[in-house]
Each structure stands twice: as structure tokens, then as C-alpha cells.
Amino acid sequence: MNPKIQETLEWLRDQGLPPLPVAPAQDPQRYPARDRTGGVKRDKSGEPLPAFTGKNPSYLGESGTPHLVRHTQYQKRLPTEVEVQQWFGNPANGIGTLGGWQNVVWIDVDLKQFESPEACDSRINQWLAEYPLVQQTFTERTHSGGWRFAVQAREQTFTNFSLDGVGGPHAGEALGQGRFTVLAPTIGPSGNPYINLQRTQLVWVERLEAIGISPSSRRREQPKTVRPSPHVIALPTSPGVLRLEDLAAAKARAVLYGESPFESRSHSLTFALREFYGWENWVTRNRVPISGDAEELARAAGEALGIDGDRVERIIQSIPDASACLPAVVFVGGESSAWNRILHVSRLSESSNSMMIVSDDKVREFVKDALNILCTRGYSHINNNQLEKYKKLSLQGRIYRIEAQGHRLTVQTKVRGKILEVQGAKIVLSHLWPVDLDRFRIEAQQINHKASARKSPSWLSQKHTALE
């Protein structure tokens, strides 16, 4: 294995991130991209599109034959040692990883968005001076002369970003959940390598806006009229605060659970996204407090449908004017129907609040179950005094994501976000519902069954212990 690839590989493993391969770009005439029916995909001029771009998950075998890697499965599991050895046996292969793991967001500053390389570097130096925290995190130069930084962000609600405030010029993409990014020392399509400047522990931010990363207006394709950001706060369900997904039409809610009520998954996701945008706009105008975010719900729905993360982002960007979307109920029955929907969901929320209380004893049982799952995946018991020196451990199930670091444990769901945080013996946050206890127990059984059916990779020999 290429020693420089090995360095990146080990760093990714230390961070709990999935290492994935990148094959060099291949001749599209010989290896064209194909659609679901096997037909060749072509550009506007009729030329075949490449299946191997030098920037997508893929690898050259020992004989030099290129293979694509369906990377969506690695949004939920780390690759095995056998897969790693197969991918990186050929020294020509590069390396990359996925965003979303450990809350990592890859900030990709695109050179082509600037007038010149000098203008790009000047703006980045200015940004780093304004936000010195970013100077401490992972930093690379891309093969084309752009920049790549990595941070851990508790909240990410957009992809295309600006360094000059909301609605400013497009500077690049914030690659989060399911998005693939290429890393050094990969040789890019230009023939130049990605260059690592600083491979270190990632800095943590609450939101990307805290380091000057704001949504770009180009995402909405409205250069003259910037859509106002709705005053929607992502809060857990509580009296007086409704969930965005509960307001949506039944077909949109069905998409969140992996159903496709229309002729294609893309059509179903587009309908759901428009419905989420519509309710976001309506509650903003009418000052109705809700929790949730249209695009994050769309990403959760896309994952439930099995749609590739890049494709989900393209669907999000395909909505030309999100601020013009209206809820389906308004089209059918007008404003009064929307208010009736609000009242109906409010009554359901109020009637269920008394049934949503989970005792502290049940919470602690939930915590023990969560840590037992980590143990079944190869993390064995160590002394409590040794906990702090271990990296963050995580496991993504079908519904729940478990993360443990030192004496802190958190559990999240795709749609509701963080539902539990425990620090030592203290319950910092608990938004568990009784249904979570049953769902989690079923998921634990499934994970335990899978774990017993296969041997954990040798590099997953880190250790952890239950929080008491």
C-alpha cells in the first residue's frame, strides 16, 4: 500500500471515519456512465459521460480494471479490513471519505468560483484571519488549487455556501451527510495531487455560521431576491411547538418512512420537499412556532428511500423558488384549511404529551442498552479513569445513532435530532418517547444478531465502557 495513503487511512480510522477509494479518471469512451436500464449517459453534445471521474468512489483492481463503489452503504457502517485491502492494493488508487460521520462537514472552497487563484487565496487568508479557530482544524489544498477544511458541526442546514453573508457569492460546498470528498495524496483529474497542510483533530462548532459559512443565494437561483430565512428553531416537541413533519401531507410523511407514493423515488422526494418548504413558508408568515428544517427532512427522506446523497442534493437544488412553495392543504382548501391542520396537530400534540414522559430509570436502562450495543461491535471494558483518552465511538443503526466519548453519550434520530445526552451519572437532555424504548430494543436485537454473524475488523479494537 502507498505509504502516504496509509497515513490518511490511519488518520480516518482514528477519527472514526470510513476510508473509501478513488480510482484515477478513465476514458469515457471505454468506461461510460450508465443509467438504470444500462443505457449510456450522454452530455448535451451527445458525448458519453465518464463513469470514473477521478473524484467518485471507485478503485482499480490488481489487474488495473476499474470498479465503482456503491458508497451509500458506508453511511451506516465502516468498511471491513478485507474491503480496505482490496481497495488500496493498487497504489494508483486515491482515498476519500464521507461527510456526516461524527458530525463532520467538509468545507470545499471551489477555485472556479473566484476570479483567479490569487483572489481565492486572498479571500481564504482574510477568512482565516477573521475566524482563527479554523486555522486549528484539518486543512488541504485540492488538485485544482482550491481549499478543503473539515469541522464537526452540531447543525448543518445548507450545502452551497458563501463567505460573505447570507445570499453572498457562491464560494463552495459544505459536504455533510452522505457526501463524498477526496483527500490527499490522491492525484486529481488535473494530474495534480491533493496536498495536506494540516492533518489534526477537528474543531467543533455549533453551526457553520459561527465560522462565517452562510447559505449562498445561488442555491435558490434568486440572485436579486434572497429568500428570507424562516424563523424556525429546531426544538424538540413541546407544548406550543409543532413538528414540521407532522404538519405535512400524508404522502410527504410516508416518504420519510421510505415509501414512494409516486411513479419514481425522485418524484416522491421532490413532492415531499416542496411540501416541507410550503409549510416552512406558511408558518413563517403566520408566526406559528415549529421545529424542523425542510432540507434536513428531505435528506432524511432521501436516505429512507435509498437515494444517493449527491442525488438528494441535486433534487434540493432543483427547486427554483423555494419561497413560492405552499402546503398542499392550501391549494385544496385555502388558508382556513391550513389553520384547521394546525389546530388538529396541536390537539394531537397536547393529548400525547402526558404519554411521552419516560422515567429516569428507563433512561438509564436505555443508556446501558446503547453501550451494550457498542460493546458487541468490538469495544470491550476498560477502567473508568482511562475513558478520556479514547476517541469518539459511534454506531449508526436504521433509526438511532449512538455516540460515546469519554463519559458522555448521545443518541440521535434522523428526523428528531438528539433525543438523549448523558454526562457521567447526569442526564443532560432527554427527549425519549415510550415508543423509543421498543424501537431501540428491536434495533439492538438486529445489531447484536449481525455482530454475532461476522467478526469485527481488526482495526476496530478500540475500547469503551458503560456509563454508570
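Asn 103 is buried in this predicted model, with a relative accessible area of 16%, which falls under the 20% limit for that class. This residue lies in the loop between β4 and β5, and its phi is positive at about 65°, although Asn 103 is not a glycine.

**The loop between β4 and β5**

- Gln 102 is also found in the loop between β4 and β5, and it too has a positive phi, of about 55°, without being a glycine.
- Gln 102 counts as buried because its relative accessible area is 1%, where buried means under 20%.

**The open sheet with β4**

- Strands β1, β4 and β10 make up an open sheet of three strands, in the order β1-β4-β10 and with antiparallel pairing.
- The edges of this sheet are β1 (20-22) and β10 (180-183), each of which pairs on one side only, and the twist from one strand to the next averages 40°.
- Strand β4, which covers residues 94-98, is joined to β10 by four bridges in the antiparallel sense, and within this pairing Gly 96 has Val 182 of β10 as its bridge partner.
- Helix α1, made of residues 3-15, lies across both β4 and β10 and runs at about 15° to β4.
- In the loop that lies between β10 and β11 (195-198) is Pro 185, and the peptide bond leading from Ala 184 to Pro 185 is cis, with omega near 10°.

**Strand β7 and its partners**

- Strand β7 spans residues 147-155 and is mostly covered, with seven of its nine residues buried.
- Strand β12 (residues 203-207) runs parallel to β7, with four bridges joining the two, and Val 151 stands opposite Val 203 of β12.

**Aromatic pairs and a charge over a ring**

- The structure holds 10 aromatic pairs, and one of them, formed by Trp 127 and Phe 149, is edge-to-face, with 5.2 Å from centre to centre and 80° between the planes.
- Because Trp 127 belongs to helix α3 (residues 117-130) and Phe 149 to strand β7, this pair ties together parts that are 22 residues apart in sequence; both Trp 127 and Phe 149 are buried.
- The rings of Trp 282 and Trp 339 also form a pair, and since their planes stand at 70°, which is over the 60 degrees required, the pair counts as edge-to-face, with the centres 4.8 Å apart.
- That pair links distant parts of the chain, as Trp 282 lies in helix α6 (residues 265-285) and Trp 339 in helix α10 (residues 335-353), 57 residues apart.
- The two tryptophans fall into separate accessibility classes: Trp 282 counts as buried because its relative accessibility is 0%, whereas Trp 339, at 35%, counts as partly exposed, a class that lies between the 20% and 50% limits.
- Trp 11, Trp 106 and Phe 138 form one aromatic cluster.
- The charged end of Arg 141 sits over the ring of Trp 147, at 3.9 Å from the centre of that ring.

**Cysteines**

- The structure holds zero disulfides.
- Cys 120 counts as buried because its relative accessibility is 0%, and Cys 325 counts as buried at 6%.

Conventions: Residues numbered from 1 in each chain as written. Predicted model: local features only at pLDDT ≥ 70, side-chain atom pairs only at ≥ 80, totals over all residues. Heavy atoms only, no water. Phe/Tyr/Trp six-rings, centres within 6.5 Å; stacked < 30°, edge-to-face > 60°. Buried < 20%, exposed > 50% of the residue type's maximum accessible area, 1.4 Å probe, protein only. Lys NZ or Arg CZ within 6 Å of the ring centre and 35° of its normal. Disulfide = S-S within 2.5 Å. Pairing = 2+ DSSP bridges. Axes fitted to C-alpha atoms, helices over the stretch in contact; angles between N-to-C directions. Contact = heavy atoms within 4.5 Å.
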